[in-house]
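Here is a short briefing for someone meeting this structure for the first time. Please look over the sequence and the model before reading on.

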Amino acid sequence: MFGKKYLFLILLIPIFFIYQNCSDLESSSDIGSLENSSVNSSSLSYKEKRKSLGLIYGPNATQEVIDKTESLGGWYYTYSTHPNRDEPGRHTNTVRMANRNDKEFVPMVHTRYFITDETGSSCPLLNRFRRGNEGVCTISEMVNSLEEMKSLFSSSNQPKHIMVFNEPWRKGDQFASSTGEHYALTPWQAAASYSLIEVAAKRANLNVVGPTIGDGDSSVLWFSEFLKRCHDLRNDSEFRCKLSGIRTFSYHAYQCHSSFFEEELGERKLQYDLINLMKNSDRSWYGGYNWEKYILSRKIWLTETTCNWDKDVKEAQYNGQYIRTQKKSCQRATGQQKGYGSLPVLIDLPKDRLERFAWWTTYANPKQDSDVGQINQSSVNRITAARLVDDKNEYTPMGRAIESLWLGNRLSQVNCSE
């Protein structure tokens, strides 16, 4: 009897070590904790499908632009954790519009700082981001700010999500170098910062939409490194990074080829490219984590898209030619030009391939803003062609296209003339 008792204890030892080793990884239930989203869009009414359309009110958006477009879209964002802007000589309010139209605001932590109110007051997320004697954000400060923001909205359109880190692989308007020295956020900085935001978001009952992935190799590589750094920090005492807290991936793609989105999102090329980067040289998973299951279980939001970087546009840009026009963007987005038609594809993709998308942008001033870091004739043409509202507060051809999409009219019949 004595011998059997110790034999039993000896047999338990390997089981104990296996349990300890597995506990260092997030459980498989954490990976698959999302609700079942494999709903084909064809089974939804158009009224439900169109709610996937979002609007972007960037820094240049005026109150007139907000009022003009208020009936469009089921959700929107402002590149800030706050829906309003209170600046010297200018105040914009999106809350009235959102409450009147039952529209969801999605706050965003843009980069290294957390915006605490509509005046732009902020606190740095990490010690290394401090400027002078300012204090680093506390969890309580972030939670209180998010709760105050949520209190502005009606019970029927309460914010449910928070986005983190817009194009973090870039530094200002310059693309990052291969060494990562010019990243807006290094993958480690993003993982450490996200670990704090995730706690605040959970307490404020918000689901996290992860850092932006772009349609270029450098951004996908950055995101794979971010996931690895988050996994490395899973048991860190200061920055415990939880992969399961990221419910959704954010994606930017500035193309209007219908085949591009059919492949990238419909066939999940984006996810499989990312999955391949999560493997070691011997094809085993980094950190022993089931990355394929994790990545394929996340939802996808296309949070910025236009026709600005179709292949021929890039080639013309490099050759010093400026061919972008409002008419051409409208024709391409709506499918009136052969081989193109991003909007029909995006609205028809099933929810397990694309849950939401947003056109960039409602309004931008091409003389003050640029999509490539410098203001020249090319950037002016592209911004003018992409925006939904012009300087006279009238819909551009793209504005008419988005309005038609929202109303359920045939995109092939949109008037794309300038």
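How many residues apart are arginine 229 and aspartate 232 in helix α8, and about how many helical turns separate them? They are 3 residues apart, so about one helical turn lies between them. Keep in mind that this is a predicted model.

- An open sheet of 9 strands runs in the order β5-β2-β1-β15-β14-β13-β12-β9-β6, with parallel pairing.
- Its edge strands are β5 (104-105) and β6 (108-109), and each of them pairs on one side only.
- In general, the strands of a sheet pair through backbone hydrogen bonds, either parallel or antiparallel.

**Strand β12 and its partners**

- Of the 7 residues of β12, 6 are buried, so the rest of the structure largely encloses this strand.
- β12 pairs with strand β9 (residues 161-164) in the parallel sense, over 3 bridges.
- Within that pairing, asparagine 207 of β12 stands opposite histidine 161.
- β12 also pairs with β13, again in the parallel sense, over 4 bridges.
- Here threonine 212 has serine 250, in β13, as its bridge partner.
- Together, β12, α8 and β13 make a β-α-β unit, and this unit is right-handed.

**Strand β15 and its partners**

- Strand β15 (residues 356-359) runs parallel to β14, and 3 bridges join the two.
- Phenylalanine 357 in β15 stands opposite leucine 302.
- Arginine 356, also in β15, is the bridge partner of tryptophan 301.
- Strand β1 (residues 53-56) pairs with β15 in the parallel sense over 2 bridges.
- In this pairing, leucine 53 stands opposite phenylalanine 357.
- β15 is covered on both faces. Arg356 and Ala358 are buried on one side, and Phe357 and Trp359 are buried on the other.

**Helix α10**

- Helix α10 (residues 269-277) has four buried residues: Leu270, Gln271, Leu274 and Ile275.
- These residues cover an arc of only 135° around the axis, so they sit on the same side of α10.
- An α-helix has 3.6 residues a turn, so residues three or four places apart point the same way.

**The nonpolar core**

- The largest nonpolar core holds 112 residues, and among these Leu343 and Trp359 touch the most other members.
- Helix α7 (residues 187-203) supplies the largest share of this core, with 8 residues.
- Trp359 is also one of the buried residues of β15.

**Salt bridges**

- Side chains of opposite charge can pair when their charged atoms come close.
- The model has 18 salt bridges.
- Arginine 229 and aspartate 232 form one of them, at 3.0 Å from N to O.
- Aspartate 232 counts as partly exposed, with 39% relative accessibility.
- Both residues belong to a network of salt bridges that links Glu225, Lys228, Arg229 and Asp232.
- Aspartate 312 and arginine 332 also meet in a salt bridge, at 2.6 Å from N to O.
- Aspartate 312 lies in helix α12 (residues 311-318) and arginine 332 in helix α13 (residues 326-334), so this pair ties together parts that are 20 residues apart in sequence.
- Aspartate 312 is partly exposed, at 25% relative accessibility. Arginine 332 is buried, with a relative accessible area of 3%.
- Glutamate 134 and arginine 131 form a further salt bridge, with their closest N and O atoms 3.6 Å apart.
- Arginine 131 counts as exposed, at 56% relative accessibility.

**Methionine 97**

- Methionine 97 lies in helix α5 (residues 95-100).
- Methionine 97 is buried, and its relative accessible area is 1%.
- Leaving aside neighbours within four places in sequence, methionine 97 is in contact with Tyr57, Ile66, Glu70, Tyr76 and Lys103.
- Isoleucine 66 is 31 residues from methionine 97 along the chain, and their C-alpha atoms are separated by 7.6 Å.

Definitions and conventions
Residues are numbered from 1 along each chain as its sequence is written. This is a predicted model: local features need pLDDT of at least 70, side-chain atom pairs count only at pLDDT 80 or more; totals for chains, interfaces and linings use all residues. Side-chain values use heavy atoms; hydrogens and water are left out. Buried means under 20% relative accessible area, exposed over 50%, partly exposed in between (1.4 Å probe, protein chains only). The arc is that of the directions from the helix axis to the C-beta atoms. A nonpolar core is a set of buried Ala, Val, Leu, Ile, Met, Phe, Trp, Tyr and Cys residues joined through side-chain atoms within 4.5 Å. Two strands pair if DSSP finds at least two bridges between them. A crossover is right-handed if, with the strands pointing away from the viewer, the path from the first strand over the helix to the second runs clockwise. A salt bridge is a side-chain nitrogen of Lys or Arg within 4 Å of a carboxyl oxygen of Asp or Glu. Contact means heavy atoms within 4.5 Å.
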